[in-house]
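Hi,

Here is the structure I promised to pass on. Could you open it alongside this email and follow along?

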Amino acid sequence: MRTGPEAGHAADTDVGMVAGSDAAVVAASVADPDVFGELYRRHAPAVHGFVLRRMGTEHADDVTADTFVTAFRIRGRFDRQRDSARPWLMGIAVHQISRRWRAERAHLSTLAALEAVPLGHGVPDASEAVLARSVDVGLAAALRSLRRGDRDVLLLVAWAELEYAEVAEALGIPLGTVRSRLHRARRLVRDALTTTKES
């Protein structure tokens with residue numbers, strides 16, 4: 001921490017650096033790694049929320065931390081033509097989730113099983129039951145049945161609220177592939193939910 005007569009001036013400079021776009025923050029962090037913390041402050045809640053819904057409380061903190069550690073390590077690769085780092089960070093999060101695909105499938109199975117269990121009645125982790133309330137039993141099963149690439153696209157749109165072009169950026173795939181995967185995923189989920197309601 002800076003002290004002495006230069007401290008005030010340094011603080012003003014730091015505030016000026018982090019007040020700009022994400023691209024400016026990433027660029028400044030190359031020379032001053034502490035500045036990268038601003039990117040965490042801006043985007044960690046959204047990344048954590050996305051990971052939490054996909055993987056549950058057991059893995060959300062670790063995956064979020066790994067996402068930002070990885071982002072910091074590869075920050076020199078960030079495309080500084082892009083103002084927002086959110087799609088880039090979500091893409092890293094998806095990669096971290098894919099490395100733990102068994103845990104994600106187990107989480108979706110848990111949500112499907114816990115959906116009907118009342119809170120406080122033998123549920124080992126009440127926070128999991130709260131999450132289950134936000135994901136319908138049929139939806140959890142439908143999501144689990146999707147191919148990973150289709151699930152990634154669907155959930156980046158639905159849960160991370162990215163635009164199609166941002167999903168393409170996040171996953172490093174063409175926009176047309178985003179559209180076709182999203183169309184297929186929506187159709188499969190809709191069919192699965194219709195089947196669940198009829199049975």
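Leaving out residues up to four places away in sequence, L89 touches L39, H43, V47, T67, F68 and A71, where contact means heavy atoms within 4.5 Å. Before I go on: this is a predicted model, in which local features need pLDDT of at least 70 and side-chain atom pairs count only at pLDDT 80 or more, while totals for chains, interfaces and linings use all residues. Residues are numbered from 1 along each chain as its sequence is written, and side-chain values use heavy atoms, with hydrogens and water left out.

Helix α5 covers residues 86-98. Helices here are DSSP runs (H or I, at least four residues), as are strands (E, at least two), and they are numbered from the N terminus. With 13 residues, α5 reaches 18 Å from its first C-alpha to its last, close to the 18 Å expected at 1.5 Å a residue; the expected span is 1.5 Å times one less than the number of residues.

How much of α5 is covered? Mostly: ten of its 13 residues are buried, and they are P87, W88, L89, M90, G91, I92, A93, V94, Q96 and I97. Buried means under 20% relative accessible area, exposed over 50%, and partly exposed in between (1.4 Å probe, protein chains only).

**The core**

A nonpolar core is a set of buried Ala, Val, Leu, Ile, Met, Phe, Trp, Tyr and Cys residues joined through side-chain atoms within 4.5 Å. The largest one has 46 residues, and L39, F50, V51, W88, L89 and L156 have the most contacts inside it. Two or more residues each come from α2, α3, α4, α5, α8 (137-145), α9 (148-158), α10 (164-171) and α11 (175-198). Which element gives the most? That is α5, with seven residues.

L162 and P87 are 75 residues apart along the chain, yet their C-alpha atoms are separated by 7.1 Å. Neighbours within four places aside, L162 is in contact with R86, P87, M90, L156, V157, V167 and A170.

**Aromatic rings**

Rings of Phe, Tyr and Trp (its six-membered ring) pair if their centres lie within 6.5 Å; planes under 30 degrees apart count as stacked, over 60 as edge-to-face and the rest as tilted. By this rule there are three aromatic pairs. One of them is F36 with F72, edge-to-face at 5.3 Å centre to centre and 75° between the planes. This pair links distant parts of the chain, since F36 is in the loop between α2 and α3 (37-55) and F72 is in helix α4 (residues 57-73), 36 residues apart. F36 is buried at 5%, whereas F72 is partly exposed at 30%.

Y40 and F68 also pair edge-to-face, at 4.9 Å and 70°. Y40 is partly exposed, with 44% relative accessibility, and F68 is buried, with 5%.

Back at F72, the charged end of R75 sits over the ring, 3.9 Å from its centre. For that I required NZ of Lys or CZ of Arg within 6 Å of the ring centre and within 35 degrees of the ring normal.

**One more loop**

S21 lies between α1 (7-18) and α2 (22-31) and is partly exposed, at 28%. Beyond four places in sequence, S21 is in contact with R42 and D83. S21 and R82 are 61 residues apart in sequence, with 8.8 Å from C-alpha to C-alpha.

Cheers
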